[in-house]
Amino acid sequence: PDYIGVIGGSAGGHLAVMLGVTGPEDGLDPAGPYGEFPCSVQAVVNLYGVTDWFQRKDLPMFGQTRASAPELYLQATPMTHVDPNDPPILIIHGSADKVVELAQSEKLVAALQQAGVEHEFVVVEGAPHSFYLQVYVPTKVDLRPRVLDFFDRHMKKTPGAVAQPPEP
């Protein structure tokens, strides 16, 4: 549990950020199975995920509107959980995203800066929503080395070392 990094795109990006910015005090960790293990992670990569549900339409999956249950929307909004103890976060978003507007990631960046959380922000010019790490639209950009480097820097104890779990 001391060597966990997460990556997700779109809804998975939202979930990855939620894992990074929430802790047991938020009441979201499951009791079981394996409730004895923390849900904390050491590094997060968010690919074009929603970070502010108040800037979106009401969600049918919540079963309630923002007006009738603002606390529910606050709990599901990663930016409301950001604090200085959060792990490093790499945010990647396409400038031509029409599903999750770039402003979502920009607001997360502002919240991370304010809290002093280590982060990186990459805007992929011309990229739409839901792209691969090896993007060909409109120009070829390979984000795989950037993502792997990010995880290497935050998941390995020393440069060049392979992260190993502690001995039992």
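# Figure legends: close-up views of a predicted model

Figure 1. Ser105 is located in helix α3. The model shown in this and the following views is predicted. Ser105 has a relative accessible area of 0% and is buried. Apart from neighbours within four places in sequence, the contacts of Ser105 are Thr51, Ile91, His93 and Phe121. Among these contacts, His93 has Val123 of strand β4 as its bridge partner, and Phe121 belongs to the uncovered face of β4.

**Figure 2. Helix α3 and the elements that cover it.** Helix α3 comprises residues 102-115. The buried residues of α3 are Leu102, Gln104, Ser105, Leu108, Val109, Ala111 and Leu112. An α-helix has 3.6 residues a turn, so residues three or four places apart point the same way. The cover over the buried residues of α3 includes helix α1 (11-21) together with strands β2, β3 (89-94) and β4. After α3 comes Gly116, which has a positive phi near 75 degrees.

**Figure 3. Strands β3 and β4 and the crossover between them.** Strands β3 and β4 pair in the parallel sense, with 6 bridges. One of the residues involved is His93, whose bridge partner in β4 is Val123. From β3 the chain passes through α3 to β4, forming a right-handed β-α-β crossover. In β4, Glu120, Val122 and Val124 make up the covered face, whereas His119, Phe121 and Val123 make up the uncovered face. In a regular strand the side chains alternate between the two faces of the sheet.

Figure 4. Glu120, Arg146, Asp149 and Arg153 are joined in a network of salt bridges. The side chains of Glu120 and Arg146 form a salt bridge with an N to O distance of 3.3 Å. Glu120 lies in strand β4 (residues 119-124) and Arg146 in helix α4 (residues 144-155), so this pair ties together parts 26 residues apart in sequence. The side chain of Glu120 also meets that of Arg153 in a salt bridge, at 2.6 Å, N to O. Because Arg153 lies in helix α4 and Glu120 in strand β4, this second pair ties together parts that are 33 residues apart in sequence. A further salt bridge joins the side chains of Arg153 and Asp149, at 2.8 Å, N to O. Arg153 and Asp149 are 4 residues apart in helix α4 and are therefore separated by about one helical turn. A search of the whole structure finds 6 salt bridges.

Figure 5. Arg146 is partly exposed at 37% relative accessibility. Asp149, at 38%, counts as partly exposed, and Arg153, at 39%, also counts as partly exposed.

**Figure 6. Tyr48 in the loop between β2 and α2.** Tyr48 lies in the loop that runs between β2 (43-47) and α2 (70-75). With a relative accessibility of 5%, Tyr48 counts as buried. Where does the side chain of Tyr48 reach a backbone oxygen? The side chain of Tyr48 reaches the backbone oxygen of Phe131 at 3.3 Å. Leaving aside neighbours within four places in sequence, Tyr48 is in contact with Gly9, Ser10, Ile92, His93, Asp97, Val100, His129, Ser130 and Phe131. The C-alpha atoms of Tyr48 and Ile91 are separated by 7.4 Å, although these residues are 43 residues apart along the chain. Ile91 is among the contacts of Ser105, and His93 is in contact with both Ser105 and Tyr48.

**Figure 7. The setting of the close-up views in the whole protein.** The protein contains 4 helices and 6 strands. Starting at the N terminus, its elements follow the order β-α-β-α-β-α-β-β-β-α. Of its 168 residues, 39% count as buried. Among contacts in the protein with a separation of 6 or more, 70% are between residues 24 or more positions apart.

Notes:
Residues numbered from 1 in each chain as written. Predicted model: local features only at pLDDT ≥ 70, side-chain atom pairs only at ≥ 80, totals over all residues. Heavy atoms only, no water. Salt bridge = Lys/Arg side-chain N within 4 Å of Asp/Glu carboxyl O. Helix = DSSP H or I, 4+ residues; strand = E, 2+ residues; numbered from the N terminus. Buried < 20%, exposed > 50% of the residue type's maximum accessible area, 1.4 Å probe, protein only. Contact = heavy atoms within 4.5 Å. Polar contact = N/O pair within 3.5 Å; in protein donor to acceptor, adjacent residues only side chain to side chain. Expected span 1.5 Å × (residues − 1). Pairing = 2+ DSSP bridges. Right-handed = clockwise from strand over helix to strand, strands pointing away.
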